[in-house]
Amino acid sequence: METFSGEQRETATLLQRSPLIIAGPCSAETEEQVVETALRLKATGKVHALRAGIWKPRTRPGNFEGVGAQGLPWLQKAKELTGLPYGVEVATAKQLEEALRHDADFVWIGARTTANPFSVQEVADALQGVQLPVMIKNPVNPDMELWTGALERVMKAGIEAVALIHRGFSAYGHTDFRNAPMWQLAIEMKRRFPGLPFLIDPSHICGNRHLLQEVTQNAMDLDYDGLIIESHRDPDQAWSDASQQITPERLLTMLGDIVWRKEEVLSEEMHMHLEKLRHQIDRLDDELLRLLHDRMKISEQIGEYKKAHNITILQTERWNQILERVCRNGEKAGLSKEFITQYYDAIHMESIKHQDAIMNAHG
């Protein structure tokens, strides 16, 4: 593969911006559409980089799958006219080479590619000897190890400027989102890699423009470093994903309405107040652990009784009664049914493990 170097690759400082705003159409459709959208995004004064889909992986054949490499010169022109760097999604070594040949300043690995270690490795091998920012979206399915593995493959290729993009996960059944946020997985990824920039992709999470601000605000409240969002000169006429795109002018309004929070504590008084509340949390956490310990001890006593009388560990009717009671009481306490169910499912499984250890102990 051809190697590239020089100032056009020295864009790692892009990832040092916070908040970092990357915007552009879902798909590059025509040169006029790309350039006009880019100029209007530049006019907002808020956008730091451009994005557009060139190769569009689609779930089913027959849908618009992107204009291909012929759209890259359009992005080059938009870059020249606006002075903004641009990036595209790549899924193969050939696509990466085409993007670099047309002065792409950064690339990202999409959700479908992240889910396939073979594809990630192909891109990683092609990145050897290249220095440019690489962003990695979470896989389509909620698998932390695939996301982590994709990141590790890219970093082992020698890429120093790496960022993560949270674009939501596929979920079975109807939800308000195109891809469920599953915030807990993103938070875990942030915990594992606290030094890496972390961006939200509200367009793919929402699937519609009406939830974009809410999801973006949620992300900023969780200390994300910016967003990559789809913006089109005329969203309703877009060739792909029309409902989740907004005009550059609407993007400017949305960004102005976001409350941008900081992780660091700005004064000693604020620090003291937070520490006082955190100590209260710590004490309550310690008490919760003591109560859980006591609960498991009682579960072990129940296990001893069941073993002595040949009673099964799982008592479905009893478990249903517990869930019904705690969900009802949890709702009164202002706790969501989803939280209570997940919390007590975990407690129940731990209780079963304790009882199983007793039931199957020898001696």
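Predicted model: local features only at pLDDT ≥ 70, side-chain atom pairs only at ≥ 80, totals over all residues.
**Salt bridges**

I started with arginine 101 and glutamate 97, whose side chains meet in a salt bridge at 2.9 Å, N to O. I take a salt bridge as a side-chain nitrogen of Lys or Arg within 4 Å of a carboxyl oxygen of Asp or Glu. Residues are numbered from 1 along each chain as its sequence is written, and side-chain values use heavy atoms, with hydrogens and water left out.

Both residues of the pair lie in helix H3 (residues 93–101), four residues apart, about one turn of the helix. Helices (H or I, at least four residues) and strands (E, at least two) are DSSP runs, numbered from the N terminus. Arginine 101 counts as partly exposed because its relative accessibility is 38%, and glutamate 97 counts as partly exposed at 22%. My cut-offs: buried is under 20% relative accessible area, exposed is over 50%, partly exposed is in between (1.4 Å probe, protein chains only).

Next I looked up arginine 192, which forms a salt bridge with glutamate 188, the closest N and O atoms being 3.1 Å apart. They sit four residues apart in helix H7 (residues 183–192), so about one helical turn separates them.

Then I checked arginine 209 and aspartate 236, which meet in a salt bridge at 3.4 Å, N to O. This pair links distant parts of the chain, 27 residues apart: arginine 209 is in the loop between helix H8 (202–206) and helix H9 (212–221), and aspartate 236 is in the loop between strand S8 (226–230) and H10. Aspartate 236 is exposed, with a relative accessible area of 56%, while arginine 209 is partly exposed at 28%.

I also found a network of salt bridges linking Glu32, Glu36, Arg40, Arg233 and Glu249. My search of the whole structure gave 19 salt bridges.

**Helix H1**

I went on to H1 (residues 31–44), which has 14 residues. Its buried residues are Gln33, Val34, Val35, Thr37, Ala38, Leu41 and Thr44. Their cover includes strand S1 (20–24), strand S2 (49–51), helix H2 (72–82) and helix H10 (248–257). Glycine 45 follows H1 and has a positive phi, near 75 degrees.

**Serine 351**

I placed serine 351 in helix H13 (residues 337–359). It counts as buried because its relative accessibility is 7%. Leaving out residues up to four places away in sequence, serine 351 touches Arg295, Met296 and Ser299, where contact means heavy atoms within 4.5 Å.

Key. Expected span 1.5 Å × (residues − 1).
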